[in-house]
Every structure is written in C-alpha cells, then in structure tokens.
Amino acid sequence: NASHLYHEAYKTLERVLVSQNDLESMYRSTAESYLARAKELRATPSNARSGSVSRQDGLEQRCYFMLQNAIGLEEKGQIDEAIQIYLNSAETCLEARKTAADSARHAKLTKMAEEAMSRAETLKMTQSMQKMKFPQIPNTPLPKAEASPPPP
C-alpha cells in the first residue's frame, strides 16, 4: 500500500544518507516528509482512501519512482547517490518480478532492472575514467642530436 511505499522510500533515502555520510538538509527533509506521509496514510482508515493499489502495482510504482529519483540526482551531479538509487531500484524491480502475474509485467520489470543496472555501471565507469591520471607530456625541448660521422 502507499504508506508502505513511502516508508520504504524513507528507509532507502536514510540508507543512502548514512552510507554516504551525507546529511544534506534537502534529502533529510525529503526523507522526513516521506515518513510523515506514511504515518498519515496509516492513520487514515483504509475505507476512506480511494484507488487502492495492489502490492504488485505498488512495487512497480516504487521501481519507477526510484528510477525517476536516480535520474534527478544524476542530473544534479550527485552521481554517487544516483548510483546507489539505481542499484536499489534494480533490486526492487527484481523483487517485484518474482511475483509478476503475467509475462508482460515480468518483461517490463526485467527491462527496468536491466536499464537501472546498466545506468549504474555506466556512471561507475565514467567516474573511474575521470579519476584516471594520464602523464603529462613534458614541455621542455629535446636536445639536438649531434651529427655522427658516416660509417667507413
């Protein structure tokens, strides 16, 4: 249900914040707003909520939400966080795929997981390439070679 998804999103953001030792207020406030929303939804009687979503649909929506979040982080230049969210998204897609009711949904979740993993690997490779240091070509002129006598 929605409260579960908000709570899971909160826990994911908390893990990223703790693993990165990064307590940026923007992410902290987002995580806290997710937790508040989860509590609010739990306090509301289920018959008062409309548009109930199946667990399978909820997991699929969570996968999509996480991918969108990772894309946003990537666009902001927060690559380490984006990689972590892409990997978590792929994991969630694979988890959801286990309970897919039909082959179309199974294929969709597989594709989402593959795209998330691919993007995470691409970002990791790009980071590695940027960290590589190539030697600089020296600017000093080469000494002029002296003419050697012709062979006898």
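**Entry 1. Contacts and overall make-up**

I looked up the contacts in the chain between residues at least 6 apart in sequence, and found that 68% of them join residues at least 24 apart. I note at the outset that this is a predicted model. I then listed the secondary structure, which comes to five helices and zero strands. Read from the N terminus, the order of elements is α-α-α-α-α. I also looked up burial for the chain: of its 152 residues, 32% are buried.

**Entry 2. Helix α2, at L35**

I examined L35, which lies in helix α2 (residues 25–43). Its relative accessible area is 18%, so I recorded L35 as buried, the cut-off being under 20%. Setting aside residues up to four places away in sequence, I found that L35 touches H7 and Y10. I also checked L35 against S3: the two are 32 residues apart along the chain, and their C-alpha atoms are separated by 8.5 Å.

**Entry 3. Helix α3**

I compared the span of helix α3 (residues 55–75) with expectation. At 1.5 Å a residue its 21 residues should span 30 Å, and the end C-alpha atoms are 30 Å apart, which agrees. I listed the buried residues of α3 as Q56, G58, L59, E60, R62, C63, M66, L67, A70, L73 and E74. Just after α3, I noted that G77 takes a positive phi of about 85°.

**Entry 4. α3 against α4**

I looked up how α3 and α4 pack: their axes are 8 Å apart, at an angle of about 165°. Angles over 145 degrees count as roughly antiparallel, so α3 is roughly antiparallel to α4. The crossing of α3 with α4 is left-handed.

I then listed the residues that meet. From α3 they are R55, Q56, L59, R62, C63, M66, L67, N69, A70, I71, L73 and E74. From α4 they are I79, E81, A82, I85, Y86, N88, S89, T92, C93, E95 and A96. By class, the residues of this contact divide into 13 nonpolar, five polar and five charged.

I took up T92 in helix α4. T92 counts as buried because its relative accessibility is 5%. Leaving aside neighbours within four places in sequence, I found T92 in contact with L59, R62, C63 and M66.

Beyond its neighbours within four places, S89 is in contact with C63, M66, L67 and A116. I also checked S89 against M117, which is 28 residues away along the chain; their C-alpha atoms are separated by 8.5 Å.

**Entry 5. α4 against α5**

I looked up the axes of helix α4 (residues 79–97) and helix α5 (residues 103–131), which come within 8 Å and cross at roughly 155°. That angle is over 145 degrees, so α4 is roughly antiparallel to α5. The crossing of these two helices is left-handed.

I listed the residues that α4 brings to this contact as I79, D80, A82, I83, Y86, L87, S89, A90, C93, L94, A96 and R97. Those of α5 are H106, L109, T110, M112, A113, A116, M117, R119, A120, L123, K124 and Q127. By class, I recorded 16 nonpolar, four polar and four charged residues in the contact of α4 with α5.

**Entry 6. Helix α5**

I compared the span of α5 with expectation. At 1.5 Å a residue its 29 residues should span 42 Å, and the end C-alpha atoms are 42 Å apart, which agrees. I listed the buried residues of α5 as L109, T110, M112, A113, A116, A120, L123 and Q127. Finally, I asked which helices these buried residues pack against, and found α3 and α4.

Key: Residues are numbered from 1 along each chain as its sequence is written. This is a predicted model: local features need pLDDT of at least 70, side-chain atom pairs count only at pLDDT 80 or more; totals for chains, interfaces and linings use all residues. Side-chain values use heavy atoms; hydrogens and water are left out. Axes are lines fitted to C-alpha atoms, for helices over the stretch in contact, and angles run from 0 to 180 degrees between N-to-C directions. Helices (H or I, at least four residues) and strands (E, at least two) are DSSP runs, numbered from the N terminus. Angles under 35 degrees count as roughly parallel, over 145 as roughly antiparallel, 65 to 115 as roughly perpendicular and the rest as oblique. A crossing is left-handed if the near helix is turned anticlockwise from the far one by less than a right angle, and right-handed if clockwise. Contact means heavy atoms within 4.5 Å. Ala, Val, Leu, Ile, Met, Phe, Trp, Tyr, Cys and Pro count as nonpolar, Asp, Glu, Lys and Arg as charged, and the others, Gly among them, as polar. The expected span of a helix is 1.5 Å times one less than its number of residues. Buried means under 20% relative accessible area, exposed over 50%, partly exposed in between (1.4 Å probe, protein chains only).
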